[in-house]
Amino acid sequence: MRNFKSKLSKQKNSIDKKLFFLILAFMAIGLIAVADASAPQALNNYGDKFFLFRQQLEWAVVGIVVLLITSRIKYTFWEKLATPVFFVSLIFLLVVLLPHLGFSALGARRWIFLGPINFQPSEIAKFAVCLYFAKLASKSKSALSYFLPLILIVVLIMIQPDLGTTLIIVVIGLSQIFVSGINLWYLAGAGVAGLVAGIPLILLSSYRRERLLTFLQMTEDPLGKSYHMRQILLGLGSGGIFGVGLGASRQKYSFLPEASTDSIFAVIAEELGLIGGVVIIALFVYFILRAVRIAVGAPDTFSKTLAVGICAWVGGQAFLNIASMVALVPLTGIPLPFISYGGSSLVMILAACGILLNISRYSVSEVHHGTNKRQKN
């Protein structure tokens with residue numbers, strides 16, 4: 001009995017070190033990839049090929065500090081803040097639509113500029129949904145309590161417009177609803193309703209309709225609508241099995257749009273080949289497995305649902321980004337977690353991962369595993 005208590009105490013004071021070092025590995029890969037992929041763009045726009053890399057490095061330092069802080073704060077603290085954080089995220093999503101506060105680029109209004117700081121409210125919204133739905137699950141709320149906030153936040157993000165982030169929010173929300181114990185018929189009904197509502201939203205919007213048609217007709221208009229997708233495929237094809245070598249990408253020299261953000265996986269696969277691409281995918285799969293392990297061993301409903309939300313966030317976003325790079329789905333315009341250039345995405349994901357690491361301190365799966373093993377012996 002004393003042995004068991006000792007193990008439990010040790011478990012409560014130790015984070016999942018494998019996950020922690022995996023996150024650090026992602027950070028190192030991301031910084032190298034951004035320094036490499038962003039160099040031509042930074043040199044052309046700012047006269048300094050390391051300009052974007054230095055910005056990303058600053059955000060990475062901020063993100064690591066945030067991760068270390070959130071990993072030390074007991075996860076129950078976030079249950080108290082879940083509702084305020086959710087409503088603050090809604091306010092930001094409304095503010096970004098205002099002409100003088102929201103910044104528009106590439107046909108979308110997704111950024112807020114506050115002096116020297118700019119950020120994407122939609123990244124905060126992902127974090128907020130994870131917290132809020134976990135709180136709803138811990139209080140055993142009705143299905144309507146989940147779906148109304150989800151519809152509200154989806155509508156606000158679609159107005160920007162940002163279909164990619166909308167899909168991630170839906171993946172996070174539905175994953176958490178699934179594990180919360182809500183009747184699966186409600187979940188199935190929500191899925192059908194979302195599909196029925198989504199088709200008109202895609203077809204009636206020229207922006208989203210072009211993305212879909214480009215995906216279905218990639219051989220047409222190679223210098224126009226399908227240019228981005230064709231350049232991605234050229235990069236992947238040029239890489240072959242072993243790649244053209246680190247730093248030797250040709251596509252990053254203004255051929256590939258958004259080389260350091262949405263399309264950074266294409267640059268990595270061009271330089272490191274199929275092997276490099278598979279390694280990146282394998283690392284994300286391992287992240288998901290560690291996160292699922294933490295969720296399974298989570299001590300209560302709030303921590304379990306929160307861990308599932310964070311897992312769905314990172315896993316869903318990685319899948320959509322990479323799947324769009326290899327033409328499995330239309331281009332979504334979302335960053336590759338940990339790796340793409342972008343401060344808002346990086347800091348919020350690291351904040352969430354810090355909470356995931358804190359939940360791992362209280363995970364009981366390892367304790368149960370050790371107890372069962374001792375009993376068998």
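Mentor: W78 counts as buried, because its relative accessibility is 11% and the cut-off for buried is under 20%. F77, by contrast, is partly exposed, with a relative accessible area of 35%. This is a predicted model, and every value here is computed from it. A pair of aromatic rings is described by the distance of the centres and the angle of the planes. By the rule used here, the count comes to 14 aromatic pairs. In one of them, the rings of F77 and W78 have centres 5.3 Å apart and planes at 80°, so the pair is edge-to-face, given that an angle over 60 degrees counts as edge-to-face. Another edge-to-face pair is made by F50 and F53, whose ring centres are 6.4 Å apart and whose planes stand at 70°. F50 itself counts as partly exposed, at 37% relative accessibility. Ring pairs also link F86, F87, Y132, F133 and Y146 into a cluster.

If you look at F284 and leave aside its neighbours within four places in sequence, you will find it in contact with F26, V314, A318, I322, L336, P337, F338 and I339. For the chain as a whole, buried residues make up 49% of the 377 residues, and the chain has 15 helices and 3 strands. Among the contacts with a separation of 6 or more, 74% are between residues 24 or more positions apart.

The structure holds 5 salt bridges, and one of them joins the side chains of K252 and D36, at 2.3 Å from N to O. This pair links distant parts of the chain, since K252 is in the loop between α11 (227-239) and α12 while D36 is in helix α2 (residues 17-37), 216 residues apart. K252 is buried at 6% relative accessibility, and D36 is buried as well, with a relative accessible area of 12%. K126 and E123 form another salt bridge, with their closest N and O atoms 3.2 Å apart; both lie in helix α6 (residues 121-138), 3 residues apart, about one turn of the helix. K126 is buried with a relative accessible area of 0%, and E123 counts as buried at 2%. Salt bridges that share partners join D36, K252 and E271 into one network. In the salt bridge between D48 and R54, the side chains meet at 1.9 Å from N to O; here D48 counts as partly exposed at 22% relative accessibility, and R54 is partly exposed with a relative accessible area of 41%.

The chain exposes about 18,100 Å², of which carbon and sulfur atoms supply 68%. A nonpolar surface patch of about 600 Å² is made by I241, F242, L274, I275, V278 and V279.

Technical notes. Residues are numbered from 1 along each chain as its sequence is written. Side-chain values use heavy atoms; hydrogens and water are left out. Helices (H or I, at least four residues) and strands (E, at least two) are DSSP runs, numbered from the N terminus. Buried means under 20% relative accessible area, exposed over 50%, partly exposed in between (1.4 Å probe, protein chains only). Contact means heavy atoms within 4.5 Å. Accessible areas come from the Shrake-Rupley method with a 1.4 Å probe; for residues, only the protein chains shown count as cover. Patches are made of residues with over 30% relative accessible area and no salt bridge: like charges are joined within 9 Å, nonpolar side chains (Val, Leu, Ile, Met, Phe, Trp, Tyr) within 5 Å. A salt bridge is a side-chain nitrogen of Lys or Arg within 4 Å of a carboxyl oxygen of Asp or Glu. Rings of Phe, Tyr and Trp (its six-membered ring) pair if their centres lie within 6.5 Å; planes under 30 degrees apart count as stacked, over 60 as edge-to-face and the rest as tilted.
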